[in-house]
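I opened a new structure today and kept notes on what I looked up.

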Amino acid sequence: MRLILHPGHAKCGSTSIQKSIIVNRKLLESNGFIIPDPQMRIRGDKGFNPNGETPRPFFRKMMEERDTSELEAKLKRISNRAKKNNKTVLISAENLVNGLSNRVGESIHRLLASYFSDIQVLYYIKPIDSFLLSAWQQWGYKNGKQFDEFVDNAIRAGNPNYKIAADTFSAIYGDNSLDVILLETNFLHGGNLLEDFYTRIGVDFSKTNDSESRSNISLNPHLCSILSRSPHLFENAHDESVKEHILNMAGKNSLAFKKSQGFISREIIQKIKNRFDSDGKYLVENYLPDASVNDVVVQPSTLEAAPLGDNEEIKQMLAIQMELMLKLAK
């Protein structure tokens with residue numbers, strides 16, 4: 001029996017892959033895949049939700065309750081169905097990188113490994129500087145943290161834990177079952193995340209529909225920096241209401257969503273390199289032979305970008321504010 005497991009990493013294209021899986025569920029099923037729903041039910045089970053997301057909620061509940069017994073019961077039924085019909089089970093849930101150092105997190109993966117004889121683990125990772133920036137743009141600023149403070153906290157926590165995750169997946173599933181893939185154009189089939197994913201699982205990308213699979217869009221980092229001074233605007237780090245309001249008002253092409261080269265200061269770049277260069281070297285030597293340490297830790301485009309001066313930062317923020325004010329006035 002075959003399992004294709006996409007365990008993340010968070011902020012590394014997981015939302016794009018999961019949206020695409022949902023949109024292309026029928027195509028995938030016609031290609032011999034079983035796609036579990038949010039509660040790990042499969043087609044034919046009572047209550048199966050064909051339009052539901054991938055099983056992230058199921059794994060989150062299991063981690064919170066610290067009990068894997070329900071997963072074992074689900075896997076027995078799913079594996080019997082897969083074996084009987086020669087199907088491949090496809091699971092995508094980026095929270096499967098969580099808790100790998102504790103009993104429940106590791107037990108989930110050992111259970112998965114025990115039920116399937118043929119396993120392919122597709123573990124996508126971003127360059128660490130890009131991960132830290134996008135994670136702050138997703139969660140950190142809503143907690144009132146400036147980017148430099150967020151990076152300091154991440155460094156103390158050893159986040160992202162790419163090395164631990166890759167080693168754990170390798171130990172449980174086997175070296176030959178694990179592909180660590182750098183989420184950069186030069187390392188992806190067709191230079192595209194979704195094309196890379198479908199190529200690796202053996203599905204013709206040209207037949208897929210990716211119209212609904214746009215990844216999480218992030219607010220401009222300078223705007224996030226301003227908003228970090230008003231954490232009361234957010235119920236919690238997962239509150240997307242402000243971003244959605246701006247998106248609905250100004251559209252995804254607004255300056256409010258424009259990337260900003262040079263946002264990461266030289267001081268922060270050096271902090272990231274001091275903490276993570278050794279991890280990057282290890283990942284290159286063991287899992288990413290075609291990449292360099294900089295590809296993994298601080299991408300060349302970050303190193304080459306000229307730092308923005310205070311005047312340029314002010315100009316960018318004024319431009320964003322002016323655009324939003326004019327949108328409101330219309």
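**Ground rules.** I am working from a predicted model, where local features need pLDDT of at least 70, side-chain atom pairs count only at pLDDT 80 or more, and totals for chains, interfaces and linings use all residues. Residues are numbered from 1 along each chain as its sequence is written, and side-chain values use heavy atoms, with hydrogens and water left out.

**Helix α5.** I found α5 at residues 103-115. Helices are DSSP runs (H or I, at least four residues), as are strands (E, at least two), numbered from the N terminus. I looked up its buried residues (under 20% relative accessible area, 1.4 Å probe, protein chains only). They are V104, G105, I108, H109, L111, L112 and Y115. Seen down the axis of α5, they fall within an arc of 155° (directions from the axis to the C-beta atoms), so they line one face. On the other side, R103 and S114 are exposed, meaning over 50%. I noted what covers the buried residues of α5, including β1 (2-6), β3 (88-92) and α8.

**α5 against α8.** I checked α8, residues 162-173: its axis and that of α5 come within 10 Å and cross at roughly 35°. Axes are lines fitted to C-alpha atoms, for helices over the stretch in contact, and angles run from 0 to 180 degrees between N-to-C directions. The contact (heavy atoms within 4.5 Å) is made by E106, H109, R110, L112 and A113 of α5 and F169, I172 and Y173 of α8.

**Helix α11.** I listed V242, K243, I246, L247 and A250 as the buried residues of α11 (residues 241-250). Seen down the axis of α11, they fall within an arc of 135°, so they line one face. H245 and N248 are exposed on the face turned away. G251 follows α11, and its phi is positive, near 85°.
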